[in-house]
Amino acid sequence: MSGSFSPCVVFTQMWLTLLVVIPVNGQYDFPILQAPPAVFEGDSVFLRCYTKKGREAETLTFYKNGEALRLPYKSSKLYIHHANLKDNGQYKCTWRKWPLGFLYTSNTVRVQVQELFPRPVLTARPSHPIDGSPVTLTCQTQLSAQKSDARLQFCFFRNLQLLGSGCSHSSEFHIPAIWTEESKRYQCKAETVNSQDEKQSTAFIIPVQRASAEFQTHIIPASKLVFEGQLLLLNCSVKGVPGPLKFSWYKRDMMNKETKILKSSKAEFKISQVNISDAGEYHCEANNSRRSFVSRAVPITIKVAVSQPVLTLSTGKTQALEGDLMTLHCQSQRGSPCILYEFFYENVSLGNSSVLSGGGAYFNFSMSTERSGSYHCTADNGLGAQHSESIRISLFDMKKNRSVPMAAGITVGLLIVAVGVFLFYCWFSRKAGGKPASDDSRSPSDSEPQEPTYYNVPACIELQPVYSNDPEENVIYTEVRRTQPRQKHADQESESPRSRCQMAEKK
């Protein structure tokens, strides 16, 4: 049996040989899997399972990492739309030859999807902006060197709300002014122009700090003490507050009343010629449309020169008796405090007094012979002393003016004597007129009627003295007047004397 030929053994050996190698026109009939040399995120990738013509596509199967891919269609191409890192792996394809069912496997291709650009990082410049200041957002990323010709566009978001008019090719976004209430979550997105690949940054909170204004108020003159009629210039500069700024000026007067100076909207405030009503506290307000910042108040004092003082006496008389208390009052109607008043006697200083408010100053002294003379005062508040008009005060001399009481006594004595003489004259005249003398040449039996004889007897009237006492003269005048009644009979007219006396006495 050893030399006999077994047809079963021969058939088995031939089958095993067909499973290993099947020649087709001198070529092995294995498929070839073709893939692009480099794949980037967002690319559209085609893997082609290449076979000889006449091979049916229905017999092709694609594998990824050893697992058959179930495709919705039968094709010799595997299409990967918008490739990403999830598409990385080992790919191959197989085809089965019928009717024998031989399975032919292609070469293995490794697909490594490369990152087109890394995930962007959002930054802000400055990183800690001040309230109201501008901020620039930057979406930082870098294209692969092999895809440097690709174009990216960037979008910026605040609390998931798109900023600006949309995405642009600029990786920066400018915020003109950022505020504390806008200290929220910011993000950016980078994507290809055809939106095949896009990536977002992590959320980023911008810490916005409250603005702290640093004011500097420059004053001309620098002493804050301005003389009436001078120039006053205030300039307000602000640091730490973003612009543009609009300025307003305010004044608080001595009555604590605040007034907005409407005519000034600039950093500089100017008064060409100040007067006393311009005194007060000034401050400026800077506004940048969202915030208002107020400077400290600057007190401005207006110094007004004193007017000519007026010197007066409390009694109003320039003559006084020895020992009388005299009070001088010196006051300027206009002038800024503090005012220094000084009193002078014959150009010799008697003393001074500083007055912080109106009312003037007083000086008291006891009248004596040594105090008779010229007095004046001065007022000075640092802008030049002003002199008052002089007044002259004299001592009233009782010895020199004794004529006054003596003349009064003589006048009273003369009046008493004159009244007594006149009363006696009246009494005597009435008594003599009661029995008139008879005429011997005429008969008492004469039939002619006898008319009574009337005597012009003056009536007793009150005498009123008229006198003049002039302290500058040493003459005393006294005048006594008497009046005469009407006559009752025209033919009998009394020859009563009219008396008028004037007495003068000189000393």
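This is a predicted model: local features need pLDDT of at least 70, side-chain atom pairs count only at pLDDT 80 or more; totals for chains, interfaces and linings use all residues.
Residues are numbered from 1 along each chain as its sequence is written, and side-chain values use heavy atoms, with hydrogens and water left out. Local features need pLDDT of at least 70 and side-chain atom pairs count only at pLDDT 80 or more, whereas totals for chains, interfaces and linings use all residues.

The secondary structure comprises 2 helices and 41 strands, taken as DSSP runs numbered from the N terminus (helices H or I, at least four residues; strands E, at least two). Of the 507 residues, 32% are buried, where buried means under 20% relative accessible area, exposed over 50% and partly exposed in between, with a 1.4 Å probe and protein chains only.

Three strands form an open antiparallel sheet in the order β3-β5-β8, strands being paired if DSSP finds at least two bridges between them. Because β3 (32-34) and β8 (77-80) each have a single partner strand, one side of each is left without a neighbour in the sheet. Between β3 and β5 (residues 45-50) there are 3 bridges, and Q34 stands opposite R48 in β5.

The structure holds 5 disulfides, each a pair of cysteine sulfur atoms within 2.5 Å. In one of them, C49 and C93 have their sulfur atoms 1.9 Å apart; since C49 lies in β5 and C93 in β9 (residues 89-97), this pair ties together parts that are 44 residues apart in sequence. Both C49, at 2% relative accessibility, and C93, at 1%, are buried. In the disulfide of C155 and C167, by contrast, C155 is buried at 0% while C167 is partly exposed at 35%.
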